[in-house]
Amino acid sequence: MNTSPRHPEGFGRAVPVGANGRMNLPADVRRALGLEGAGKVFFEQDSEGVRIMTFAQRLERARGRLKPFVKTGERISDELVRERRAEDKSETGPRG
C-alpha cells in the first residue's frame, strides 16, 4: 500500500483516538483501501499487531486459505451437494 511520498509502504503514523474510541482514517489510507464516503473495515489482531482490511481483502484472503482444499475446476458447492445427496441416500435407502 504505497499511499503517498509522505507515507510510503510499511511506514506507520499516529492517529488520535477519542475518549469514546472513535478515530478518523486519514484520506490517503481510505483511498488506498478503496473507501469512498461511509463504509466498514475489519480490524484483525494477531501477535504482530492490528491490520485494517476491507471486506473484499478479507474475502480474498479467505479464498486464498481455502484454495489448497479445492479440486481444480470444481466448486466447493458442487462437492457439498454431492456429499449431502449421498448422506440422504444412505439415510433413507433406495426410493422406489
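These are my entries, in the order I looked things up.

**Entry 1: what I have.** I'm working from a predicted model.

**Entry 2: the hairpin.** I started with strand 1, residues 42-46. Strand 1 runs antiparallel to strand 2 (residues 49-53), and 5 bridges join them. The hairpin between the two goes through 2 residues.

**Entry 3: E44.** Is E44 buried or exposed? I get 17% relative accessibility for E44, and the cut-off for buried is under 20%, so E44 counts as buried. Next I listed what E44 touches, skipping neighbours within four places in sequence: G49, V50, R51, M53, R58 and R61.

**Entry 4: salt bridges.** How many salt bridges does the structure hold? I found 7. Two of my look-ups involve E44. E44 pairs with R58, with the closest N and O atoms 3.8 Å apart. E44 sits in strand 1 and R58 in helix 2, so this bridge ties together parts 14 residues apart in sequence. E44 also meets R61 in a salt bridge, at 2.2 Å from N to O. That pair again links distant parts of the chain, with E44 in strand 1 and R61 in helix 2, 17 residues apart. I noted both arginines as partly exposed: R58 has a relative accessible area of 37%, and R61 comes out at 29%.

**Entry 5: a bridge inside a helix.** I then checked R84 and E87, whose side chains meet at 3.5 Å, N to O. Both lie in helix 3 (residues 76-92), 3 residues apart, or about one turn of the helix. R84 is partly exposed at 45%, and E87 is partly exposed at 39%.

**Entry 6: aromatics.** Searching the whole structure gave me 1 aromatic pair. It is F42 with F55, ring centres 6.3 Å apart and planes at 35°, so I logged the pair as tilted. F42 is in strand 1 and F55 in helix 2 (residues 55-66), 13 residues apart, so to speak a link between distant parts of the chain. F42 is partly exposed at 29%, whereas F55 counts as exposed at 53%.

**Entry 7: nonpolar surface.** Last, I looked for a nonpolar patch and found one of about 440 Å², made by V15, V17, M23, F43 and V50. M23 is in the segment before helix 1 (27-33), and M23 is partly exposed, with a relative accessible area of 35%.

Key. Residues numbered from 1 in each chain as written. Predicted model: local features only at pLDDT ≥ 70, side-chain atom pairs only at ≥ 80, totals over all residues. Heavy atoms only, no water. Patch = residues over 30% accessible without salt bridge, like charges linked within 9 Å, V, L, I, M, F, W, Y side chains within 5 Å. Areas by Shrake-Rupley, 256 points an atom, 1.4 Å probe, with all protein chains shown as cover. Salt bridge = Lys/Arg side-chain N within 4 Å of Asp/Glu carboxyl O. Helix = DSSP H or I, 4+ residues; strand = E, 2+ residues; numbered from the N terminus. Buried < 20%, exposed > 50% of the residue type's maximum accessible area, 1.4 Å probe, protein only. Contact = heavy atoms within 4.5 Å. Pairing = 2+ DSSP bridges. Phe/Tyr/Trp six-rings, centres within 6.5 Å; stacked < 30°, edge-to-face > 60°.
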